[in-house]
Amino acid sequence: MFKGRSFFGLPPVKELKTVLLTVLALLCLAQPNSAQSIESISGNVVNSSGEVLTGNALILSPQDSTIMAGTSFFEGKFELENLNAQRVLLQLTSLEFRDTYFNLEFEGQTAIDLGDIVVEEASTELEEVVVVSKTPLVQQRPDGSIEVKVANTTLATSTSAQEILSKSPSILVDENNGISIFGKGDAVLFVNGIKVSNERLSTISPSTIDKIEIITNPGPRYDAEGNAVINIKTKRNTEEGSKGMLKNYYSFSDFAGYDNRTNLDFSFKEGSWSVNATYGLLIGNDRWLKTTTRTRDEVGDFFSSDIVLDWLYEQHNFSNYSLGGQYDISDDSYISLEYNGAYEAMGGDQLSDNTIIDDETGSYNSILKMDDLNRKNILNINYSTQIDSLGTTLFIGGQYASYKNDFDNEINESSTIDGTDTSSRIQNTGEGDIQIVSAQLDYTKVYHTSSLEMGGKFSYVNNRSFTDFFDLEDDGTPIIDTELSNNFQYDERVPAAYLNFSKRLNENTNYSFGFRMELTDYTLFTSVDGGAVIEDNYLNVFPNASFDTKLSDKTNIFFTYSSRIRRPSYESLNPFVIYQDEFTSIRGNPNLQPSRIHSFEIGGTHINWNLKMGYTYTIDRMTRAAFQLENESREYVLQSINFDREHAFFATLSKNINLKWWQSINTISVSYNDLIDNTGVFEIRENEPSFYFYSQNSFALRDGFTIYLTGWYLSDLQDGIYLRKNQSTLNLGIEKKFWGDTLKCNLDFNDIFQGIRADGNYRSGTTDIVYGNRFNTNYIRFSVSYNFGRLKKSNYTNKKVGESENQRTQ
């Protein structure tokens, strides 16, 4: 019967780089090629006297205990089929006996027969069941979306949610272009299924993130904003009692200096009530170095400008905090309230050095003293209930968000022109205030072989801001510059509704189709050029469809289609001036139009190989570039514009390894982009494909040691307009656990060869522009985390189960 139970110096030499990259490549190629999939589980539930019992058999996700499949049994025997999983958690539950759990992992047998399972009757105490298993680092779902594990991986040593995203497969993060998915484009952020902004990232404690979902062709339930969706899922408090974690990170780099982050997370659960609280504090330095060369070499129009911009940030007080509570009305219903906030006080200097050669030679320098304060406050309230035993659910949620920015910067300009020195002082003050209110309702009706999803959402955005520039006299008297100063107001209302129908044709085949409808109504006011009011509204319908089928026990395929929209960010619409140097500024474009997107994907899995291919067609593609101001030979403005359209193709092949001592995810991708410009402003170039390779590895050693090795490489990208040069990174981490999981120490070497950059060139009008960016990515980090608390004894102890409008505030 079966019973339940240097600091070593790392020399940046070619030989070391070659060795490490070769080892990384060999690790990816030397992969076992065996099926690891449980297809069915069966058994016969009896008591100690051999009598058959009645109850339910449930398949739970080892990550978060969500129900994946289930069946009832009335005479002891049960069978669960079509699981297609490497590892599952089986729960047997009934009023006749204590809940019993089995952690089942594939060991060469696709059909697992547990035989007679002896359970303890409800009147007796069941001994504690300890589950020990490992979760794959990355999993691809039948619809092609990807789930990336964060908790208990090398990603968990990151000091921010944005850093976690930058180290995840296929996600690209940079200061200029925001967050995107390789081959797909701009991504929109969600947290636990609720759309948020990039600004919200700094309010999330990185130690609370459990996993990340990368959804490249999202369905109509998600807002139609963006090319793809990144859904950040935080850890759930499911255990009775209290627990917490104190974690400190210290980082140092020659490039930027030091920074230190401290996080404190605490949760408590008693009966139907649960409370979670977090606080994080970041202090220290950061840096961004940007170089730009602009050259015109036409007859009668020679111009050369070499610019070095150096942002030396001083993070005086970067605090993030949250407090949330949940009341479980029943086993299937809850109501929750959560507050998230951030207070970010920034100082430091922005240094600019611009050497210009035209009909005279001049050197222009400026020092901008930063005094910047951001305050972020977000309040969420949610209600969720399961209406019937089939899984019909109702969700009602509301969100209020406030993002406020105040700045008071002093700018000291100096120049030397043909040996003559001059100087001036400028004061730049202003504030931005974005208020967002949204409410949504989601209803899913589940039938035996189908489901119907429907819902609606309404969001309102009010964005008010102003910036004032003052020329300072020698005695400090300010004189306002009315040409550069500006007031801006933007109001937007977006009601939306969606409908989606899903059907299981047979045990192997599923399909779905639906649509989302959004009405955008906005009013924009700017005081630039004497003042202007722009009003518009437009209705869009976004159809979606998907199909997936299992061809065999080892192989499945899928097809998805989605249509989406990419609205301009509020900053890209706002025409007020952001100072860079005496001849360069950033300004919004109030005439910017939203991009409309149609995306197709096809792919599948075979054993532990995943393949996905896609095509995206974008109308009115948005991008940013530098433009010479009319009638100004030296002045340039960085501004977003619409291109006519873009064709983008991509293909991705990945393979996972999930052994007892080695876990690995390896991805290789190729993309081809064709950006079409009908304005005649840009020089058209020959297109070239771009390649992307990613590998994340963890090696479990003896005595609680784990080694992490992560790297990626992105080749040159030539889309017909822009050339973006290659970049890469290689990260090494060492982890040691003490006293189980109570104390954990990590030593990380990030971007060892300083390969992360954002370099490239393009031609705008008659100007050749070459740019380069270097960020604070090459550092050494030491972190220590301590887990504390007292959990109540439970029958099940999870000991080592490997643990839209807001978007546009950027």
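User: Which residues does Ala625 touch, not counting residues up to four places away in sequence?

Analyst: First, a word on what you are looking at. This is a predicted model, in which local features need pLDDT of at least 70 and side-chain atom pairs count only at pLDDT 80 or more, while totals for chains, interfaces and linings use all residues. Residues are numbered from 1 along each chain as its sequence is written, and side-chain values use heavy atoms, with hydrogens and water left out.

Now the general idea: a contact means heavy atoms within 4.5 Å. With residues up to four places away in sequence set aside, Ala625 touches Val637, Leu638, Gln639, Phe682, Tyr722 and Tyr762. Between Ala625 and Tyr762 there are 137 residues in sequence, yet their C-alpha atoms are 8.9 Å apart in space.

User: Where does Ala625 lie, and is Ala625 buried or exposed?

Analyst: Ala625 belongs to strand β36 (residues 622-628). Helices (H or I, at least four residues) and strands (E, at least two) are DSSP runs, numbered from the N terminus. For burial, the rule is under 20% relative accessible area for buried, over 50% for exposed, and partly exposed in between, using a 1.4 Å probe and protein chains only. Ala625 has a relative accessible area of 2%, so this residue is buried.

User: What should I look for in a pair of aromatic rings?

Analyst: A pair of aromatic rings is described by the distance of the centres and the angle of the planes. Rings of Phe, Tyr and Trp (its six-membered ring) pair if their centres lie within 6.5 Å; planes under 30 degrees apart are stacked, over 60 edge-to-face, and the rest tilted. The whole structure holds 29 aromatic pairs by this search. One of them joins Phe190 and Tyr222, edge-to-face, at 5.1 Å centre to centre with 85 degrees between the planes. Phe190 is in strand β14 (residues 185-191) and Tyr222 is in the loop between β16 (209-215) and β17 (228-234), so this pair ties together parts that are 32 residues apart in sequence. Phe190 and Tyr222 are both buried.

User: Which kind of pair do Trp288 and Phe775 form?

Analyst: Trp288 and Phe775 form a tilted pair, 6.0 Å centre to centre and 35 degrees between the planes. Strand β20 (residues 273-298) holds Trp288 and strand β47 (residues 767-775) holds Phe775, so parts 487 residues apart in sequence are tied together by the pair. Trp288 and Phe775 are buried too. Elsewhere, Phe627, Phe643, Phe682, Tyr722, Tyr762 and Tyr771 form one aromatic cluster.

User: What does Phe255 contact, beyond its neighbours within four places in sequence?

Analyst: Phe255 is in contact with Arg287, Leu289, Arg774, Phe775 and Asn776. Its place is the loop between β18 (241-253) and β19 (257-270), and Phe255 is buried, at 10% relative accessible area. Phe255 and Asn776 are 521 residues apart along the chain, with 6.5 Å between their C-alpha atoms.

User: Which charged residues sit over rings?

Analyst: A charge sits over a ring if NZ of Lys or CZ of Arg is within 6 Å of the ring centre and within 35 degrees of the ring normal. Lys445 lies over the face of Tyr447, 5.6 Å from the ring centre. Arg596 has its charged end over the ring of Tyr538, 5.5 Å from the centre.

User: What lines the second largest pocket?

Analyst: Rolling a probe the size of a water molecule over the atoms shows where empty space is left. On a 1 Å grid over the protein atoms alone, a pocket is an open set of points where a 1.4 Å probe fits, with protein on both sides within 12 Å along at least five of seven lines; lining residues have an atom within 4 Å of a point. Here 37 residues form the lining, and Glu483, Leu484, Val577, Ser585 and Arg587 lie nearest the centre of the second largest pocket. Elements giving two or more residues to this lining are β26 (450-472), β30 (532-550), β32 (578-581), β33 (584-586) and β37 (636-642). β32 gives the most, with four residues.
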